[in-house]
Amino acid sequence: MDSALDLLRQLVTSPWLYLLIFGLTAVDAFFPAVPGEAAVITAAVLSTSGNPKLAAVIVAAALGACAGDHVSYAIGRGGGARRLAGFPDGSRRRASSEWARRALNRRGGLILTTSRYLPGGRTAVTLTMGAVRYPRRSFLLYDAIATVTWALYCGLLGYFGGLAFERHPVKGVLAGIGLSVIVTLGIEGTRWLRHRARGRATATTDRAGPI
């Protein structure tokens, strides 16, 4: 355990750590299997010792996440837009794509900022926004807000978790990551319950029929 901690300390004192955080959060934006969020929280936990610098961790995470979201947007704008254009008029897929376009035009900023906290959801949303050709300037503005707030959330979550376990850094890392998983599952659970409640309300209305 001591040797692992020594290796970890050598890594966190290296300036390459910030580049690593940038890369992981960028790839995580369009390939959710990469543990970008966990890397940010872990670095923030260890920042309680003074190295790495918490502010630099947050900046690297925000820039990486923003860059990755734009890659995902570009992928959707390229292949996804051509695919949507190929859907025949009157088809279910065309109707779904038009519904997504209208929803994003009305509440695109809110959808983008909230989806940033859902590992799989943020990728789906940025791909869809590119596919329906959501305006680039609006995407840049709202994505900047989303990634900065997300990086602050991860950074502060890890930092205060590290303070709580200052004498036991490994426990602090595990606690920070565990808390982030709990928060993510809580958001997903709430979203699922709301979706289920809406489905039940719709089914009840359909059975009741017109008054």
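In helix H3, the residues Gly36, Glu37, Ala39, Val40, Ile41, Thr42, Ala43, Ala44, Val45 and Leu46 are buried. Buried means under 20% relative accessible area, exposed means over 50%, and partly exposed lies in between (1.4 Å probe, protein chains only). That makes 10 of the 11 residues of H3 buried, so H3 is largely enclosed by the rest of the structure.

This is a predicted model, where local features need pLDDT of at least 70 and side-chain atom pairs count only at pLDDT 80 or more, while totals for chains, interfaces and linings use all residues. Residues are numbered from 1 along each chain as its sequence is written, and side-chain values use heavy atoms, with hydrogens and water left out.

**The whole chain**

- The protein chain has 8 helices and 0 strands. Helices (H or I, at least four residues) and strands (E, at least two) are DSSP runs, numbered from the N terminus.
- Read from the N terminus, the order of elements is α-α-α-α-α-α-α-α.
- The protein chain has 211 residues, and 37% of them are buried.
- Take the contacts in the protein chain with a separation of 6 or more: 77% of them join residues 24 or more positions apart. Contact means heavy atoms within 4.5 Å.

**How H2 packs on H3**

- Helix H2 covers residues 16–30, and helix H3 covers residues 36–46. Their axes come within 8 Å and cross at roughly 150 degrees.
- Axes are lines fitted to C-alpha atoms, for helices over the stretch in contact, and angles run from 0 to 180 degrees between N-to-C directions.
- H2 and H3 are therefore roughly antiparallel to each other. Angles over 145 degrees count as roughly antiparallel, under 35 as roughly parallel, 65 to 115 as roughly perpendicular, and the rest as oblique.
- The crossing of H2 past H3 is left-handed. That term applies if the near helix is turned anticlockwise from the far one by less than a right angle; clockwise makes it right-handed.
- On the H2 side, the contact uses Leu17, Ile21, Leu24, Thr25 and Asp28. On the H3 side, Gly36, Glu37, Ala39, Val40 and Ala43 meet them.
- By type, the residues of this H2 and H3 contact are 6 nonpolar, 2 polar and 2 charged. Ala, Val, Leu, Ile, Met, Phe, Trp, Tyr, Cys and Pro count as nonpolar, Asp, Glu, Lys and Arg as charged, and the others, Gly among them, as polar.

**A closer look at H2**

- H2 has 15 residues and should span 21 Å at 1.5 Å a residue. Its end C-alpha atoms are 22 Å apart, which agrees. The expected span is 1.5 Å times one less than the number of residues.
- The buried residues in H2 are Leu17, Ile21, Thr25, Ala26, Asp28 and Ala29.
- Leu17 sits in H2. Its relative accessible area is 6%, so Leu17 is buried. Pro52 is 35 residues away along the chain, yet the C-alpha atoms of Leu17 and Pro52 are 8.0 Å apart.
- Thr25 is also part of H2. Its relative accessibility is 1%, so Thr25 counts as buried.
- Thr25 contacts Gly36, Val40, Ala60, Ala61, Gly64, Ala65 and Trp150, leaving aside neighbours within four places in sequence.

**Two loop residues**

- Pro15 lies in the loop between helix H1 (2–12) and H2. With 60% relative accessibility, Pro15 counts as exposed.
- Pro15 and Ala56 are 41 residues apart along the chain, and their C-alpha atoms are separated by 9.9 Å.
- Arg133 lies in the loop between helix H6 (119–131) and helix H7 (136–164). Its relative accessible area is 47%, so Arg133 is partly exposed.
- Arg133 is not a glycine, but has a positive phi of about 55 degrees. Most residues other than glycine have a negative phi.

- His70 belongs to helix H4 (residues 54–85). At 27% relative accessibility, His70 counts as partly exposed.
- His70 touches Phe139, Leu140 and Asp143, not counting residues up to four places away in sequence.
- Thr128 is in helix H6. At 31% relative accessibility, Thr128 counts as partly exposed.
- Thr128 and Tyr73 are 55 residues apart in sequence, and 7.6 Å apart in space, C-alpha to C-alpha.
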